[in-house]
Amino acid sequence: MIKIVENKISVDDFNYLTDKVGWGTREFKVVEEALNNTLYSVSVYDDNKIIGYGRIIGDKTIFLYIQDIMVVPEYKGQKVGTKIMNELLKKVDEYKKVNSNIRTYLGASKGKEKFYEKFGFKTRSSADLGEGMVLF
Ligand SMILES: CC(C)(COP(=O)(O)OP(=O)(O)OC[C@H]1O[C@@H](n2cnc3c(N)ncnc32)[C@H](O)[C@@H]1OP(=O)(O)O)[C@@H](O)C(=O)NCCC(=O)NCCS
């Protein structure tokens with residue numbers, strides 16, 4: 001049975017998922033620190049097997065970032081991503097109680113924009129804002 005829970009994922013599960021979706025893995029201590037500094041996260045399990053994940057990072061009142069939305073390929077197209085986004089957006093609504101103008105960003109991978117548009121996200125270029133930028 002598929003269930004979604006609010007939890008802190010283990011480093012091994014996180015690396016398992018990033019690998020499954022094609023992003024590779026990172027050193028244990030790098031992931032551990034990132035997860036320790038995560039504001040909120042949800043994991044999706046089929047029985048006890050991890051199949052999906054998403055997290056929010058940010059300062060809780062002015063800026064939030066939705067990160068690492070992952071669904072293992074075998075479960076794609078079964079609304080698992082939707083469940084993850086809905087849970088994260090419920091949490092965003094809670095943060096909005098402190099500052100209703102909180103701004104929630106995400107960096108969509110190329111080709112995934114349509115998925116996020118379903119939840120009201122707009123590409124910055126069509127919203128009278130500059131392009132999103134990143135430093136590698
Ligand atoms: C992107 C991802 C999270 C979507 O998860 P999912 O569980 O397959 O999506 P859902 O089944 O909840 O799809 C919800 C809707 O979005 C649409 N959708 C999903 N992925 C899409 C895509 N890449 N492009 C356009 N539409 C997409 C679905 O068709 C569905 O539409 P519907 O509501 O009209 O039926 C998943 O494909 C994934 O983990 N990909 C690999 C990792 C990744 O790229 N993450 C995103 C980083 S920004």
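The model is predicted. Strand E3 pairs with E2 through seven bridges and with E4 through six bridges. The largest nonpolar core has 31 residues, and helix H3 gives the largest share of this core, six residues.

**Strands and hairpins**

- Strand E2 covers residues 40–46 and runs antiparallel to E3.
- Within this pairing, Tyr40 stands opposite Ile56 of E3.
- The hairpin of E2 and E3 has two residues between the strands.
- Strands E3 and E4 also run antiparallel, and their hairpin has four residues between the strands.
- Gly58 has Leu64 in E4 as its bridge partner.
- Strand E3 (residues 49–58) is mostly covered, with seven of its 10 residues buried.
- In a regular strand, side chains alternate between the two faces of the sheet.

**Residues with positive phi**

- Most residues other than glycine have a negative phi.
- Asp47 has a positive phi near 50 degrees and is not a glycine; Asp47 sits in the loop between E2 and E3.
- Lys60, in the hairpin of E3 and E4, has a positive phi near 75 degrees.
- Lys79 is another residue that is not a glycine, and its phi is positive at about 70 degrees.
- The place of Lys79 is the loop between E4 and H3.
- Lys79 counts as exposed because its relative accessibility is 58%, which is over the 50% cut-off.

**The nonpolar core**

- Ile56, Ile84 and Leu88 touch the most other members of the 31-residue core.
- At least two residues of this core come from each of helix H1 (11–20), helix H2 (28–36), E2, E3, E4 and helix H3 (80–96).
- Apart from neighbours within four places in sequence, Leu88 is in contact with Tyr40, Val42, Gly54, Arg55, Ile56, Ile66 and Ile69.

**Salt bridges**

- The structure has six salt bridges, and three of them are described here, beginning with the pair Asp68 and Arg55, whose closest N and O atoms are 2.7 Å apart.
- Asp68 and Arg55 are both buried.
- Lys91 and Glu94 form a salt bridge with an N to O distance of 3.1 Å.
- Both Lys91 and Glu94 are in helix H3, three residues apart, which is about one turn of the helix.
- Lys91 counts as buried because its relative accessibility is 18%, under the 20% cut-off.
- Glu94 is partly exposed, with a relative accessible area of 41%.
- Glu117 and Lys114 form a salt bridge in which the closest N and O atoms are 3.6 Å apart.
- Helix H4 (residues 113–117) holds both Glu117 and Lys114, three residues apart, about one turn of the helix.
- Glu117 is partly exposed at 36% relative accessible area, whereas Lys114 counts as exposed at 60%.

- Ile62, Phe63 and Tyr65 make a nonpolar surface patch of about 270 Å².
- Phe63 belongs to strand E4, which covers residues 63–71.
- With a relative accessible area of 37%, Phe63 is partly exposed.

Conventions. Residues numbered from 1 in each chain as written. Predicted model: local features only at pLDDT ≥ 70, side-chain atom pairs only at ≥ 80, totals over all residues. Heavy atoms only, no water. Patch = residues over 30% accessible without salt bridge, like charges linked within 9 Å, V, L, I, M, F, W, Y side chains within 5 Å. Areas by Shrake-Rupley, 256 points an atom, 1.4 Å probe, with all protein chains shown as cover. Salt bridge = Lys/Arg side-chain N within 4 Å of Asp/Glu carboxyl O. Buried < 20%, exposed > 50% of the residue type's maximum accessible area, 1.4 Å probe, protein only. Pairing = 2+ DSSP bridges. Core = buried A, V, L, I, M, F, W, Y, C linked by side-chain atoms within 4.5 Å. Contact = heavy atoms within 4.5 Å.
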